[in-house]
Amino acid sequence: MKKNSLIIISFISLLLIFFFYVIVKNDDIFLFTLGLSLFMILVSLFSHIDVLKVMKKYSNREYYYTRDKIFKICLLIIVGIGLILVLVTVLLSLLLENIMHIDNMLLVMTIMCINVIAIPLLRLLKSFLVIHNFKTLSKYIIHIYIVMIDVYVLLVSYISFVKLKLPSYISITGLFMAPLTILCLLFIVVMILWYMKNKGFKKKYIIKREEVKIDIKKDIKKIFNDNIRYSMIMIVTNFIPYISIILFYVCLVNHFGYPYDDTVRVINITYLYGYVVIYFLVSGVYLLVRNKFNYIKKEIIDKNYDIISLYFASYFNNLLKILLPIVITLSVISGSIWMLLYGDYNGATILMLLFIMSLFLIIYLLLIQVIASFNNKKMLGLVIGILLLVKIVFTIPMIGSFYRMGYELIYGNIVASMMAYLCASIVSIILINNKCHVNFSKCFDKTLTIIYENILLGLILVLLQLVISTYVNNRLQALGVILVYMIIAVVFYLGKNWLNRYLKK
């Protein structure tokens, strides 16, 4: 997906969650938060599938029968995988209903899972449009889809939660029907346009003599197996918030005896409203640095390890140079950001910790993609295994530690995620160093300088709170505080760079 597209999607998601918060603020939407986290995992199963390349190959040869056959087979396979996922989700929901003692989970999760296939089918539909030369529509169909989803979610939320005041599980079920509902509407529009362009559905392609010898099984296998490691990365990454929700809920409700309402309120603040903000940050920073890391990945694929040895540490420092001031600034003004978005301070401290966690998350996401470039299953499996092991093993002990210290227990859950990302990142760096022999000592002084400079920035912003508080009374004041602190951070960053250039002369 292009840079502008990712920015638009992230910004729309941020706006959507603001209106959603206003509409359903006092309703029980825990099943929506839990279902959405599972939805992200299941969608990741299809993230590596790319039908367009194969379809273009046969379309360029004018093997239209083979092209369309591959398209239909891929569609059927995706639907088949979707049915298997529904069965697995039903069994998982029955298990979680007994463990978590939550009614109506089975219905909500089943409907959610049925709608998972809408995302890969949307990509298929886009490939169809590209092949049939619907240039404008193929370029913007995903944007149109997201806007329609947003409108659907807001309308259904308002009607079901505010006007009709339906039970929460019914309203949430209606929300999870959005992906397939919108896809069906788009499909009808596309078919009408295709019908008008071709003047009917009667056009059929006759199989050519050369096409008889084509073994499309190889193409199908290639479509569903190529780059599968990137799907694995996304599955495991999205699994972290999902397992965090389950472990936190079970620990608080079943072990410590916390009330259901208090527990799910904190979970919704953290893993729905807070994570949307983090998604926006992660997407933005990733866009800033991904070109350089894509260059590293390309050199690894070409096995130019000498180049990686020379430049990897420098690229890593550049990442810290961009990431640290952003995270520090956002962490300091987290209260004002929460007030601007949601009109209160219920999740201000949680958001601050999530911003800090995002530092480790972004580093992990970039490093794990570099690891995947080596095309070594053992290396990738080791990093992923460390991530999961640390998260699962340390979550409950960390929650218990924060309980004994008298702090909010959700802090322990977030800290456990930080530890998991940090450990996985350290292991990734060690593996990269073993393969490429990176000279970290050459850039160590620069790394320390970057850290010292950002500690100074943090002290300046913290001291500034004595003059300009980040906790204000309304959204307009919060916006003013955010702008002031960001301007000061930018001035510090530019002044630091100017001073460094001046001292080098």
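Mentor: Start with a cut-off: angles of 65 to 115 degrees between axes count as roughly perpendicular, and those under 35 degrees as roughly parallel. Keep in mind that this is a predicted model. Two packed helices are described by the angle between their axes and the distance between the axes.

Take helix 12 and helix 14. Helix 12 covers residues 260-301, and helix 14 covers residues 334-342. Their axes come within 12 Å and cross at roughly 100°. The pair is therefore roughly perpendicular. On the helix 12 side, the contact uses I269, Y273, G274 and V277. Facing them in helix 14 are W338, L341 and Y342. By class, this contact has 6 nonpolar residues, 1 polar and no charged.

Now helix 13 and helix 18. Helix 13 spans residues 305-332, and helix 18 spans residues 444-464. Here the axes lie 10 Å apart, at an angle of about 15°. Helix 13 and helix 18 are therefore roughly parallel to each other. Their crossing is right-handed. Helix 13 brings N317, N318, L320, K321, L324, P325, I328, T329 and V332 to the contact. Helix 18 answers with K446, T447, I450, N454, L457, G458 and L461. The residues of this contact divide into 8 nonpolar, 6 polar and 2 charged.

Next, helix 5, which runs over residues 105-114. T110 sits in this helix. Is T110 buried or exposed? Its relative accessibility is 17%, so T110 counts as buried. The cut-off for buried is under 20%. Leaving out residues up to four places away in sequence, T110 touches V86 and V90.

Last, the cysteines. How many disulfides does the structure hold? The count is 0. A disulfide needs two cysteine sulfur atoms within 2.5 Å. For C113, the closest cysteine sulfur is in C184, 16 Å away, so the two are too far apart for a bond. C113 has 1% relative accessibility, so C113 counts as buried. C251 is also buried, because its relative accessibility is 6%.

The contact of helix 12 with helix 14 has no charged residues, while that of helix 13 with helix 18 has 2.

Technical notes:
Residues are numbered from 1 along each chain as its sequence is written. This is a predicted model: local features need pLDDT of at least 70, side-chain atom pairs count only at pLDDT 80 or more; totals for chains, interfaces and linings use all residues. Side-chain values use heavy atoms; hydrogens and water are left out. Axes are lines fitted to C-alpha atoms, for helices over the stretch in contact, and angles run from 0 to 180 degrees between N-to-C directions. Helices (H or I, at least four residues) and strands (E, at least two) are DSSP runs, numbered from the N terminus. Angles under 35 degrees count as roughly parallel, over 145 as roughly antiparallel, 65 to 115 as roughly perpendicular and the rest as oblique. Contact means heavy atoms within 4.5 Å. Ala, Val, Leu, Ile, Met, Phe, Trp, Tyr, Cys and Pro count as nonpolar, Asp, Glu, Lys and Arg as charged, and the others, Gly among them, as polar. A crossing is left-handed if the near helix is turned anticlockwise from the far one by less than a right angle, and right-handed if clockwise. Buried means under 20% relative accessible area, exposed over 50%, partly exposed in between (1.4 Å probe, protein chains only).
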